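Good morning, everyone, and thank you for making time for this. I would like to walk through one protein chain with you, beginning with the overall picture and then turning to particular side chains.

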Amino acid sequence: MNELVGKHIVLGLSGGVACYKAADLCRRLIKEGATVQVVMTEAAEQFITPVTMQALSGRVVYGSQWDAREPNNMPHINLSREADAILVAPCSADFVARLVQGRADELLSLLCLARPAQQVPLLLAPAMNREMWAHPATQRNLAQVAQDGAVVLGVGNGDQACGETGDGRMLEPDEIVDELGAFFAPKLLSGHTVLVTAGPTFEAIDPVRGITNLSSGKMGFAIARAAREAGADVTLVAGPVHLPTPRGVRRVNVQSAQEMLVAVDAIAQSASIFIATAAVADWRPAAPSSEKIKKDGSGQTPTLEFVENTDILATVAQSPRAVANELYCVGFAAESHDLLAHATAKRARKGVPLLVGNIGPATFGKDDNALLLVDAQGHRELPHASKRVLAQQLIGEIAGRLQPPRP
Ligand code: CTP
């Protein structure tokens, strides 16, 4: 399910310090299963040598439109026709200006101009000083290239090679690979608004203690990422986990089940799909102490009373929008045994059209899993695979069960 397998990418480098990251980017693209043809401008060759890029890509680097190695002497036609996408990374301010003007006096801008725009997308990963990035000329030019059909990726924020700090750094190679993968992913959830809960909740006993569980949040984060790649607008309500937010996903951090309920309740009003992967604590201490509970020296242990947390999934699944089929609800079941029986019973109890079962102790914290899908028609297994692949498969399964989104 890796979107980059078999894709042929023309990786264009224009001049900028971020050229050093292009070497790593090239490696990562190849590792993901793509083939890479590097094209460098003269300015790029000031920052990194074609030798490095040739060694990493396993292909001779092109740098001139007068390259006589091509029998027809037309590298701009040949290279742009065989590509599945052209990715310019780093894309300098000057290179954006060249694209705006449709310049054709050096190979990289020439092949961007000559590409069959309907078949060969052009993606740009800008990289420049923060003042150059913020300049109205650059912003105007970026808006123009986007209007002309290029996909302009974002920029990072942070320390810059010039010593300044701000917007304009090139995205990191892994982020660019993610963006490219997302670009190629089938847009199965285009027009949908997806809400995902993930991770454990933390129920306070006192200011320094609480009860929680071993959920890592990895499955929910992978699902949020796959939903976004499938074209959905995604919000992730996350319990306390240390995972990076998937690119393009809106994240709301919560601690307790009650906080999760409040966040979900508000966001579900405008969602079309709700996927509840969170391992919500079933109970919370009835009367959490506002001060740390101290040992009193008597050897006596404190007695904790619990109250049951509201079932967030069941509440949302009974809401008018879910009942009216405007909100499709998917539940998860973390079980330790008898998965099919428990998942089937839980689907009915929660009132959801689709329930996804997994063996909790076998998957918590791991990067792989196996899922059992239970719906009104019966059940189906998604065999053992990485959570990333399972998330993509699950998004496909959900998309196949949906009505088209309302306009
Ligand atoms: N869930 C929820 N709110 C809760 C408890 C669970 O939204 N208070 C959701 C979970 O996110 C998951 C599904 O309900 O999608 C099932 O969670 P699970 O912990 O497996 O089941 P429980 O309802 O806790 O049932 P049991 O304890 O009997 O296994």
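Predicted model: local features only at pLDDT ≥ 70, side-chain atom pairs only at ≥ 80, totals over all residues.

The protein chain carries 15 helices and 19 strands, and its C-alpha atoms fill a box of roughly 85 × 55 × 40 Å along the principal axes. Of the 407 residues, 48% count as buried.

Let me turn to charge. There are 37 positive and 42 negative side chains, and the centres of these two sets lie 2 Å apart. The structure holds 24 salt bridges, and I have picked out a few of them to discuss.

The side chains of R98 and D105 meet in a salt bridge, with an N to O distance of 2.8 Å. Within this pair, R98 counts as buried, at 16% relative accessibility, whereas D105 is partly exposed, with a relative accessible area of 40%. The pair also belongs to a network of salt bridges that links D94, R98, R103 and D105.

Next I would like to consider E229, and to ask which residues form salt bridges with it. One of them is R225, where the closest N and O atoms are 3.0 Å apart; R225 and E229 both lie in helix α9, residues 218-229, and they are four residues apart, about one turn of the helix. The other is R388, whose side chain meets that of E229 at 3.2 Å, N to O. R388 lies in helix α15, residues 387-401, while E229 lies in helix α9, so this second pair ties together parts that are 159 residues apart in sequence. As for accessibility, E229 counts as buried at 4%, while R225 is partly exposed at 23% and R388 is partly exposed at 27%.

To take V194 as an example, and leaving aside residues up to four places away in sequence, V194 touches L189, A227, A232, D233, V234, T235, I273 and I275.

Finally, where does D84 lie? It is found in the loop between α3, residues 75-82, and β3, residues 85-91, and D84 is partly exposed, with a relative accessible area of 30%. Again leaving aside residues up to four places away in sequence, D84 touches G6, K7, H8, Q119, V120, P121 and F184. D84 and D159, for their part, are 75 residues apart in sequence and 33 Å apart in space, taken from C-alpha to C-alpha.

That is where I will stop, and I am happy to go back to any of these residues in the discussion.

Methods: Residues numbered from 1 in each chain as written. Heavy atoms only, no water. Helix = DSSP H or I, 4+ residues; strand = E, 2+ residues; numbered from the N terminus. Buried < 20%, exposed > 50% of the residue type's maximum accessible area, 1.4 Å probe, protein only. Lys, Arg positive; Asp, Glu negative; His and termini not counted. Charge placed at Lys NZ, Arg CZ, Asp CG, Glu CD. Salt bridge = Lys/Arg side-chain N within 4 Å of Asp/Glu carboxyl O. Contact = heavy atoms within 4.5 Å.
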